[in-house]
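The following paragraphs go with the sequence and structure shown here.

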Amino acid sequence: MGLPTPDTAHLGRSEYATVYEPAEDTYLLLDALENDRVELHSLQPSICVEIGSGSGCVSAFLGQVLDPTRCLIISTDINPAANRATRETTAKIPHATFEQCRTRFVHALDSRLRGNIDVLLFNPPYVVTPSAEIDVTAEASAWAGGRHGREVLDQLLPQISSLLSPNGRFYLVVIEENKPEEIIDILAQYGLEGKQVLKRRAGREHLSILRFAQSCA
């Protein structure tokens with residue numbers, strides 16, 4: 001039997017109107033994490049980070065996948081409503097330890113986390129839009145990705161390798177328009193090996209999960 005999807009019913013309240021609700025991209029990432037449950041347990045992760053946590057559904061699910069007695073899960077988002085929503089979602093997961101931080105990517109935590117993240121998750125704003133739409137509203141910050149849907153993601157890519165621990169894993173949600181093979185090639189230049197581990201069509205979107213690890217891992 002699969003793990004239950006975290007309860008996000010509270011997102012129906014008006015205070016969370018700007019928070020991205022779980023959708024097909026969210027559930028695809030949950031499936032990828034559950035598929036890798038045995039491998040992730042074997043890595044014995046102690047620090048995990050979700051960038052752009054939105055509802056907190058993925059962070060909460062990760063708290064069910066991993067050993068709650070040894071792992072700290074940190075969730076970041078630039079939207080304060082998303083920080084509150086994540087806190088409420090993860091509070092429903094017993095025994096696991098969660099922290100929330102309002103920041104872009106991991107900027108406010110960079111010095112503490114560099115080289116120490118065992119599992120890094122990012123469902124970025126991947127929709128192809130005019131560059132001017134990026135971060136124009138709190139809602140847009142969750143989906144507007146600019147040219148090729150990559151302008152936000154491309155700011156983070158050079159940092160990934162230095163953030164991961166030697167055995168760390170990075171899970172990334174992308175669509176076909178984001179040029180997944182190009183992303184894999186870019187991160188290879190930073191010593192990361194990547195591959196597509198799951199894919200699904202959702203309406204007009206061709207969604208994929210890319211997983212990366214240090215080349216020596």
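**A walk through the predicted model**

Pro6 has a relative accessible area of 8%, so it counts as buried, the cut-off being under 20%. The model is a predicted one. Pro6 belongs to the segment that precedes helix 1, residues 24-35. What is Pro6 in contact with, leaving aside its neighbours within four places in sequence? The residues in question are Cys57, Ala60, Phe61, Gln64 and Thr89. Helix 3 covers residues 57-65, and helix 4 covers residues 80-90. Gln159 is 153 residues away from Pro6 along the chain, and the C-alpha atoms of the two are separated by 30 Å.

The next topic is the strands. Strand 2 is made of residues 72-77, and five of its six residues are buried, which leaves the strand mostly covered. Strand 1, residues 47-51, runs parallel to strand 2 and is joined to it by five bridges. Within this pairing, Ile47 stands opposite Leu72 of strand 2. To get from strand 1 to strand 2 the chain passes through helix 3, in a β-α-β crossover that is right-handed.

Strand 2 is also joined to strand 3, residues 97-102, by six bridges, and these two strands run parallel. Here Ser75 has Gln100 in strand 3 as its bridge partner. The chain goes from strand 2 to strand 3 by way of helix 4, and this β-α-β crossover is right-handed.

Most residues other than glycine have a negative phi. Gln44 is not a glycine, yet its phi is positive, near 50 degrees. This residue sits in the loop between helix 2, residues 37-43, and strand 1. Is Gln44 buried or partly exposed? Its relative accessibility is 49%, so Gln44 counts as partly exposed; exposed would require over 50%.

Asp135 is likewise a residue other than glycine with a positive phi, in this case about 60 degrees. Where is Asp135 placed? Asp135 lies in the loop between strand 4, residues 117-122, and helix 6, residues 151-156. With a relative accessible area of 31%, Asp135 is partly exposed.

Terms used. Residues numbered from 1 in each chain as written. Predicted model: local features only at pLDDT ≥ 70, side-chain atom pairs only at ≥ 80, totals over all residues. Heavy atoms only, no water. Helix = DSSP H or I, 4+ residues; strand = E, 2+ residues; numbered from the N terminus. Buried < 20%, exposed > 50% of the residue type's maximum accessible area, 1.4 Å probe, protein only. Contact = heavy atoms within 4.5 Å. Pairing = 2+ DSSP bridges. Right-handed = clockwise from strand over helix to strand, strands pointing away.
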